[in-house]
Amino acid sequence: MIEKGKGAVLWDIEGKEYIDCMGGYGVAIVGHCNPKVVDAINEQSKRLITCHGSLYNDARANLLEKITKISPKGLDDVYLCNSGAEAVEC
């Protein structure tokens, strides 16, 4: 039973150490407890935990702006969704 992780290392409830070779979803691909991700989550959680897709906020606007700046020419629209299935259905 896994209890905690840091970077690419996991520990079970008995303190045995493992290398996490499975990768992860979302921010987990930058490692468990990545300090930048932890700080970003902490700061955002002080302001707003979630925001329905039909509403806008500054964090979402900043993300959309960054995505459009790095997208190839001709890909001018962005649609944020919750999963690959939702993206395919769209």
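**Salt bridges in a predicted model**

Reader: How many salt bridges does the structure hold?

Author: The structure holds 3 salt bridges, each being a side-chain nitrogen of Lys or Arg within 4 Å of a carboxyl oxygen of Asp or Glu. Residues are numbered from 1 along each chain as its sequence is written, and side-chain values use heavy atoms, with hydrogens and water left out.

Reader: Which residue does D58 pair with?

Author: D58 forms a salt bridge with R47, at 2.8 Å from N to O. D58 lies in helix α2 (residues 58-70) and R47 in the loop between α1 (35-45) and α2, 11 residues apart. Helices (H or I, at least four residues) and strands (E, at least two) are DSSP runs, numbered from the N terminus.

Reader: Is R47 buried or exposed?

Author: R47 is exposed, at 55% relative accessible area. Buried means under 20%, exposed over 50%, and partly exposed in between (1.4 Å probe, protein chains only). D58 is partly exposed, at 40%.

Reader: What separates E65 and K69 in helix α2?

Author: About one helical turn, because E65 and K69 are 4 residues apart in helix α2. Their side chains form a salt bridge at 3.2 Å, N to O.

Reader: Changing topic, where is confidence lowest in the protein chain?

Author: In helix α3 (residues 84-89), at a mean of 87, whereas strand β2 (residues 9-12) is highest at 96. The mean pLDDT of the protein chain is 90.

Methods
This is a predicted model: local features need pLDDT of at least 70, side-chain atom pairs count only at pLDDT 80 or more; totals for chains, interfaces and linings use all residues. pLDDT is the predictor's confidence in each residue, from 0 to 100.
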